[in-house]
Amino acid sequence: MNRTTQAVRSRWNWTRNWQLHVMMIPAVILIFVFAYLPMGGIVMAFQDFKPWLGIGGSPWVGWDNFDKLFGQQDSVQVLWNTVVISVMKIVAGLIAPFVFALLLNEVRKMAFKRFVQTLVYLPHFLSWVILGGILIDMLSVDGGIVNRLLTGALGIRPIFFLGDGNWFRATVVVSHVWKEFGFGTIVFLATLAGINPSLYEAAVVDGANRWKQTLHITVPAMMPITIVLATLALGGILNAGFDQIFNLYNSMVYEKGDIVDTFVYRTALIQGNMGFGTAVGLFKSFIGMFLIVASYRMAYVWGNYRIF
Amino acid sequence: MKRKALWMSAASALTLAMLVSGCSGGGGNNGNDGQSSGPSGGTAAASSGASAAGDELPQTDGKFSPEATLTTVRAVGDDVKFKNGETIEDNVFTRWAKERLGIDIKYLWTTPSTNDAFKTKLTLSMSANEPLPDILEVSGADAHALIDSGKFQDAGALFDKYASDSYKKAMDEVPSAWMPYVRDGKRMAIPGIDYIMQHDDVMWIRQDWLDKLNLKAPTTIAELEQVMDAFVNRDPDGNGKKDTYGMISTLKENYNAWIGTGEIFGAFGAVPQIWEKDDNGDVVYGSVRPEIKTALGKLKEWIDKGYLHKEVALQDEMKASELFTSGKAGIAFGPTWLYDWPLQDVVKNVPGSVVKPYPLPAGPDGKIGQASEGTHNLVMLINKDMKHPEIYFKYINYLYDHYNDPEAGGEFEYGFAKGYDYDIIGDKPVFGADIPGGYIDPAKYFLGIPPRTPSIFIKTLADINEGKEPVTPYEKKLAQASTKQQMAAASIVVSQHQFTLDNLYTGAQTETMKDKWQNLKKMEITAFTKILYGNAGLDSFDDFVKNWYAAGGEKITQEVRDWYASVGGQ
């Protein structure tokens, strides 16, 4: 295709579709006003921001706010905790709904399928403040239902789920997946519903059994959406779930459970240090953007798959 | 051509949108201007009348005439209830202020009390350069940044000039309350003084357990251990299972919480998490004193023996108190009101249970100690642009003179307003649920914390408990409204108040604190929890102290001492 035809075609597109483009204008304006204009506030990350002085008048402090984040003794450990918990959550949070959607898809009784789907979606609507209290009771070493079952059935000593660092991480990941996998399941089920039935018919004609069909038709068809979800999740890798951890953690698991958000909450936000809060937000967005770009490239190079 | 036209139209649409948003922004500002011109208009009108009489606003019959306007802002929480369709802008209190004092109270804005909404709104309105209210009540911690903004005036000087004798007398009981807000010798905020001793702890015990096991209430830590051992191992609830605890406690974050552990440490000679004096009389941080080590060892032993719940480091006060109210634990350290709420629930849940207050037990060397909660939480800031601060003092003086300790037969003998916090049926006053239409506390509508003489509350309770006949309306009301347990606890608190340690550092965060304090706090709580749960030996306490001083504690201690000296502490 040479340059002139391209130009002609694009002009043709404009002429023909200008109404569509006009319809886009409100959205563009809204995005500009609510997403791009506020970005000016990023300068607060380099200021000792005082509300009464405003962005124009607050003193500049260079990289001080970032020093505060990285200069603390335990900031490396906090970052590491965040990444570990977050990666475990992302992986488990993809596998669980993926498998569950596959299984649910095999259920032939519609009423049952719908019932289960709603049931697993329900915890999504509970807040961590409530769930935190429930979990502390359920996981108690002393008479908590989980430990009673474990000691009764397996005869092992009670596990201090919320008081032992490694168990704490596991508890955080499992409870997160339990709360959220219903939502992922819906996305995957929608994808499954969109697979062309003629593919399965052709496979049956070729003699593929249920397992082979799943392996060679269903799973490949689900890969694109899986990659999209994984990429989007990577963008939030430094968000390991403030609400959840804040309601579950305690001084016994600071070493393995303290994450960036809880650290920042204790360090700065309680005192209303907005410059520091902005600096952390900027850092998190930066890492998130880097990871999204990287995974986008990887999906293209290795999977030959364009997400956007 | 077409394309260009499109760009033109897009650009003009954008401009239009900006114009619209600009207009609405301007509109908002206009609205605020309108609001702010209210008070200034009011004061302008008033001061023009005043110019004849000198500097101050003219008054007739003890009220401003013409009416003076007082602007303020506030958070309205769920605890602020209304009746008869009233609102925070128009209620029995605002009408009273208008009629009795000639003060027209105007709220520039109000917010809910949840999610820091008030702080957010205040910050936003300051960054938008909106006018601040005449008076602004915030927490002591938030006040420091506001004082530094330079938008508020020397409140101490105004207090000296305008406060009434009864208000000054109340404030004189707690002169140290001013200390945190002193800048260059000027007192920049008025502390909202609160009752002292109302957060001093006593030892609450299940008396029926003691009686059943034939035990006496412990007076020392050693005796306390024996009692806890019996509560754990001798089945005080008689259900044949070993499912009871000696004591409830919170070791989650705050060791001096309202179900506290501070007094256990205090018995060994140091109270953690506050700034106190060491044996040489120097100000030090309590948590790094050597006495703490002994107490930690004791607490670890108690957790191992099951005297304390295994998850004591996970529990907050509510969670801990559930153990007590469900009849699973026998001892709690807490303030005089702890029986009224929540311990009293145990009487409902476990028939026959009796809870009684006892003095704090003494340590091996006869020491007793606990942390005080300070003299106030809230402070009042006065806007630099407020031309007539006497308007505010007129209001607060009146309440200190007449409402705080009301005279018999006076306006506030039974409460603030008939039909709200009291009513008269026949010729007898009734309170609480007996009021037709329900009880509403008009003090919640006041401009900030109600007037309080710090010593009056607990002291009066103690006096009544010790047999003093209630005479004044305040005494009568307290005698009628308080439980026997609270009065008994008040007597104990008064007798042990000498052992309550004030936190000697009440200033704003020092330079080093800003950077290091949270790290030091985390270091402290992690080290203590490790010791308590046996993940580190007791001797690791010494390493903690060394690390604490090295990681900024040394410098902070010096800053705190400098501050303490600068505000005149000895």
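In this predicted model, helix α9 (residues 197-205) of chain A packs against helix α10 (residues 210-235) of chain A. The angle between them is about 145°. Their axes lie 11 Å apart. The crossing of α9(A) and α10(A) is right-handed.

Which residues make the contact? From α9(A) come A:Leu199, A:Tyr200, A:Ala203 and A:Val204. From α10(A) come A:Gln213, A:Ile217 and A:Thr218. By class, the residues of this contact are five nonpolar and two polar, with no charged residue.

Now turn to the interface of chain B and chain A. Chain B brings 38 residues to the contact, and chain A brings 34 residues. Together the two chains bury about 3,200 Å². Carbon and sulfur atoms account for 60% of that area. On chain B, B:Leu314, B:Gln518 and B:Lys522 supply 20% of the area buried against chain A, more than any other three residues.

The rule finds three salt bridges between chain B and chain A. In a salt bridge, the side chain of A:Asp137 meets that of B:Lys319, at 3.3 Å from N to O.

Which helices of chain B supply the side that touches chain A? At least two residues each come from α1 (2-50), α3 (117-127), α4 (140-148) and α18 (511-532) of chain B. The largest share, nine residues, comes from α18(B). By class, the side of chain B that touches chain A has 17 nonpolar, nine polar and 12 charged residues.

How values were computed: Residues numbered from 1 in each chain as written. Chains lettered and ligands numbered in written order. Predicted model: local features only at pLDDT ≥ 70, side-chain atom pairs only at ≥ 80, totals over all residues. Heavy atoms only, no water. Contact = heavy atoms within 4.5 Å. Buried area = accessible area lost by both parts, 1.4 Å probe. Salt bridge = Lys/Arg side-chain N within 4 Å of Asp/Glu carboxyl O. Helix = DSSP H or I, 4+ residues; strand = E, 2+ residues; numbered from the N terminus. Nonpolar A, V, L, I, M, F, W, Y, C, P; charged D, E, K, R; others polar. Axes fitted to C-alpha atoms, helices over the stretch in contact; angles between N-to-C directions. Left-handed = near helix turned anticlockwise from the far one by under 90°.
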